[in-house]
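Dear colleague,

Please find below the structure that I am handing over to you. My notes on it follow directly after.

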Amino acid sequence: MKLKLMGLLLSTVCASNLAYADTPLSKPVEHWVDFRSADARFQVSEEAAGVVFYRRAEDLNGPSVNIYVEGEYLASLLPNGFRYALVCPKSQRFEAQFTGVAYDNGYIRKGQSGEYTDLPAASISYFKVVPSASGLPQVVRMPAEEARTDLRVLREQTHTLPRVSGPKDCDTPRPPVL
């Protein structure tokens with residue numbers, strides 16, 4: 001008797017789940033869009049500096065590249081992708097590391113390593129991800145016109161959430177990232 005009751009209960013639950021599967025409510029709650037259009041227009045205020053990091057497919061082979069600004073995660077750049085951010089107009093430290101590989105120590109190194117670059121207020125600076133002499137990713141500053149030409153065929157990446165806080169409290173020194 002108990003087996004028949006459990007069988008009836010189980011078949012009822014399964015039938016109700018199948019009926020629910022075809023309803024509009026069964027669609028995923030989240031929908032990720034990896035890229036936006038290739039139309040790269042940026043705006044920057046007088047109190048901020050804009051930075052664009054981009055990666056062309058033909059420049060660097062390998063997995064996605066994590067970009068860090070002052071030790072804070074900005075994006076994981078895929079080939080032919082870019083990411084724009086507003087930051088404080090001062091000297092900022094940038095780091096690029098491959099993700100998801102055995103030698104990925106980018107998270108550990110993000111607080112100590114990287115190259116410093118001065119960023120002027122009310123201006124946009126462009127940085128391309130290229131291989132270093134050892135084949136690992138690095139960011140290099142690019143002339144604006146050359147970068148804009150490159151960006152015409154690239155798409156803005158939107159599939160990750162940046163940790164870069166933006167141009168808030170630009171005059172307050174930040175504690176080191178550990």
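The side chains of Asp59 and Lys128 meet in a salt bridge, with 3.6 Å from N to O; a salt bridge here is a side-chain nitrogen of Lys or Arg within 4 Å of a carboxyl oxygen of Asp or Glu. This pair links distant parts of the chain, since Asp59 lies in the loop between strand 1 and strand 2 and Lys128 in strand 7 (residues 124-131), 69 residues apart. Helices (H or I, at least four residues) and strands (E, at least two) are DSSP runs, numbered from the N terminus. Both Asp59 and Lys128 are buried, where buried means under 20% relative accessible area, exposed over 50%, and partly exposed in between (1.4 Å probe, protein chains only). Through shared partners, salt bridges join Arg56, Glu58, Asp59, Lys128 and Asp150 into one network.

Before going further, please note that this is a predicted model, in which local features need pLDDT of at least 70 and side-chain atom pairs count only at pLDDT 80 or more, whereas totals for chains, interfaces and linings use all residues. Residues are numbered from 1 along each chain as its sequence is written, and side-chain values use heavy atoms, with hydrogens and water left out.

With Asp150, the closest N and O atoms of Arg56 are 3.3 Å apart. Here too the pair links distant parts of the chain: Asp150 belongs to helix 3 (residues 144-151) and Arg56 to the loop between strand 1 (49-55) and strand 2, 94 residues apart. Asp150 and Arg56 are both buried. The structure holds five salt bridges. In general, side chains of opposite charge can pair when their charged atoms come close.

I turn next to strand 5. Seven of the eight residues of this strand (residues 91-98) are buried, so strand 5 is largely enclosed by the rest of the structure. Strand 5 pairs with strand 2 (residues 65-69) in the antiparallel sense over five bridges; two strands pair if DSSP finds at least two bridges between them. Within this pairing, Val65 has Phe98 of strand 5 as its bridge partner. Strand 5 is also joined to strand 6 (residues 115-118) by four bridges, and these two strands run antiparallel. Ser91 stands opposite Asp118 in strand 6.

Pro167 is found in the segment after strand 9 (155-156). Its relative accessible area of 34% makes Pro167 partly exposed. Beyond its neighbours within four places in sequence, Pro167 is in contact (heavy atoms within 4.5 Å) with Glu47, Ala48, Leu86, Val87 and Cys88. The C-alpha atoms of Pro167 and Ala85 are separated by 9.5 Å, although the two residues are 82 apart along the chain.

Finally, some values for the protein as a whole. There are three helices and nine strands, which follow the pattern α-β-β-β-β-β-α-β-β-β-α-β along the sequence. Of the 178 residues, 38% are buried. Among contacts between residues at least 6 apart in sequence, 71% join residues at least 24 apart. The accessible surface comes to about 11200 Å², with 58% belonging to carbon and sulfur atoms; accessible areas come from the Shrake-Rupley method with a 1.4 Å probe, and for residues only the protein chains shown count as cover.

With kind regards
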